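Open the model in your viewer and keep the selection tool at hand. We will go stop by stop.

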Amino acid sequence: LSIDKKEATSLSLPEAVSLIRGPKGSSVTLVLYRENETKPKEISLTRDTIIVKTADLTMKQTKSGKEVAYIRLSGFGEKTNREWDEVVSNTLSSAPQGVIVDVRNNPGGFLESAVYIASEFIGEGVVVMQEDARGQRQEMKVLRPGKMLKLPLVVLINKGSASASEI
């Protein structure tokens, strides 16, 4: 409803974002109204740098009691390979009985990261082949021995999975 006492209902999204953003350590007060509540709620937030990891692990338990690693990949950026290695290490230490890799609404990113991650599940051979407008082809092969080759794998995609996430 308001951002630092300025009415927000008539603001555009970029205008609202501009008012909410600010120097790290400064604060902003928001008045929010939620559908199931009877009156608005005032909250004060301290601004900070938000770091969004591109690879995130959650352990899930199936109805039958099996432990499954759920790995969400939100993009393929410069830190993805390092984040992926950490997720794999944590996954393997949990000894799951399967892996779900979720690339729904993943817009893609670095092709090299997609090949790096695909190498986790493909034993050998070509991961992807690129062909340019002149018909020149370049194969990108498995980069390393994968650590999760023997685990059952499910990959979740949707129409928002694009570019590198399609690999």
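A helix axis here is a line fitted to C-alpha atoms over the stretch in contact, and the angle between two axes runs from 0 to 180 degrees between N-to-C directions. Keep in mind that this is a predicted model.

**Stop 1: two helices.** Select α2 and α3. Their axes lie 10 Å apart, and the packing angle is about 20 degrees. Angles under 35 degrees count as roughly parallel, so α2 is roughly parallel to α3. The crossing of the two helices, α2 and α3, is right-handed.

Now show side chains. From α2, pick Thr-80, Asn-81, Trp-84 and Asp-85; they meet Ser-113, Tyr-116 and Ile-117 of α3. Sorted by class, this contact of α2 with α3 holds three nonpolar, three polar and one charged residues.

**Stop 2: the largest nonpolar core.** Which members touch the most others? Select Leu-73, Trp-84, Val-99, Val-101 and Met-148, out of 18 residues in this core. Colour β6 (67–73), α2 (80–93), β7 (99–102) and α3 (111–118) too: each gives two or more residues to the core.

Zoom in on Met-148. Beyond its neighbours within four places in sequence, Met-148 contacts residues including Ile-71, Trp-84, Val-88, Val-99 and Phe-121.

**Stop 3: a second core.** Select Leu-111, Val-115, Val-127 and Val-142. They are among the seven residues of a separate core.

**Stop 4: a loop residue.** Go to the loop between β7 and α3 and select Asn-106. Is Asn-106 buried or exposed? Asn-106 counts as buried because its relative accessibility is 0%. Leaving out residues up to four places away in sequence, Asn-106 touches Leu-73, Phe-76, Gly-160 and Ser-165, among others.

Definitions and conventions. Residues are numbered from 1 along each chain as its sequence is written. This is a predicted model: local features need pLDDT of at least 70, side-chain atom pairs count only at pLDDT 80 or more; totals for chains, interfaces and linings use all residues. Side-chain values use heavy atoms; hydrogens and water are left out. A nonpolar core is a set of buried Ala, Val, Leu, Ile, Met, Phe, Trp, Tyr and Cys residues joined through side-chain atoms within 4.5 Å. Buried means under 20% relative accessible area, exposed over 50%, partly exposed in between (1.4 Å probe, protein chains only). Helices (H or I, at least four residues) and strands (E, at least two) are DSSP runs, numbered from the N terminus. Contact means heavy atoms within 4.5 Å. Angles under 35 degrees count as roughly parallel, over 145 as roughly antiparallel, 65 to 115 as roughly perpendicular and the rest as oblique. A crossing is left-handed if the near helix is turned anticlockwise from the far one by less than a right angle, and right-handed if clockwise. Ala, Val, Leu, Ile, Met, Phe, Trp, Tyr, Cys and Pro count as nonpolar, Asp, Glu, Lys and Arg as charged, and the others, Gly among them, as polar.
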